[in-house]
Amino acid sequence: MKMPILIAILCAATTIHAQTFTLKSSQIGGQATCELISNRYGCDGLNLSPQLTWENAPPETKSFAVTVFDESAPTGSGWWHWIIFNIPDSVSSLKEGAGDLSLQLAPAGSIQSTTALQRQGYGGPCPPQGDGFHKYVVTVYALKTPDLELPPTALPATVAYLIEQNVIEKSSLIFYYKR
């Protein structure tokens, strides 16, 4: 009878002290800020991808990928706002604006693939007016491969499939936006 209690205490102690793969951002809170919102299609934001930092990646990580996905989009399959992959395993952060290809802030060797906007790089939230709150999921993936072997023109569903086939662990942040 005493053995199960001891095991439960040991498991609880291990869980409390275990460090988990964690995504953080100084810019992402509950609601989208002007910096994150699109500057196209009637929206007047700055269209800057968020600053992101991750820690405690699994030791077997060979690269990272980051996505921003709107699961509330009225498309039946969501909306990919940003996909960046082949981020070297030595990298643990992305600067604000790294999703703007012209700023050249993304890590060397990384690829920003085509989004639902049919262009590369970050495209901020701009949901239809009156459509209610949309939920934006920002996810970092620790991958078991250094290279997804895809071109920048790869379709979002293809990239997402290969990310899921190679993921070791992932961590997400969520924000909301409506117009």
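Student: Which strand does F64 lie in?

Tutor: Strands are DSSP runs of E, at least two residues, and helices are runs of H or I, at least four, all numbered from the N terminus. F64 lies in strand 3. This is a predicted model: local features need pLDDT of at least 70, side-chain atom pairs count only at pLDDT 80 or more, and totals for chains, interfaces and linings use all residues. Residues are numbered from 1 along each chain as its sequence is written, and side-chain values use heavy atoms, without hydrogens or water.

Student: Is F64 buried or exposed?

Tutor: Buried means under 20% relative accessible area, exposed over 50%, and partly exposed in between (1.4 Å probe, protein chains only). F64 has 2% relative accessibility, so F64 counts as buried.

Student: What does strand 3 pair with through seven bridges?

Tutor: Two strands pair if DSSP finds at least two bridges between them. Seven bridges join strand 3 (residues 63-70) to strand 4 (residues 79-88), and the two run antiparallel. F69 stands opposite W80 in strand 4.

Student: What is the strand order in the open sheet?

Tutor: The five strands have the order 6-4-3-7-8, with antiparallel pairing. Strand 6 (111-112) and strand 8 (167-177) stand at the edges. Each has a single partner strand, so one side of each is left without a neighbour in the sheet.
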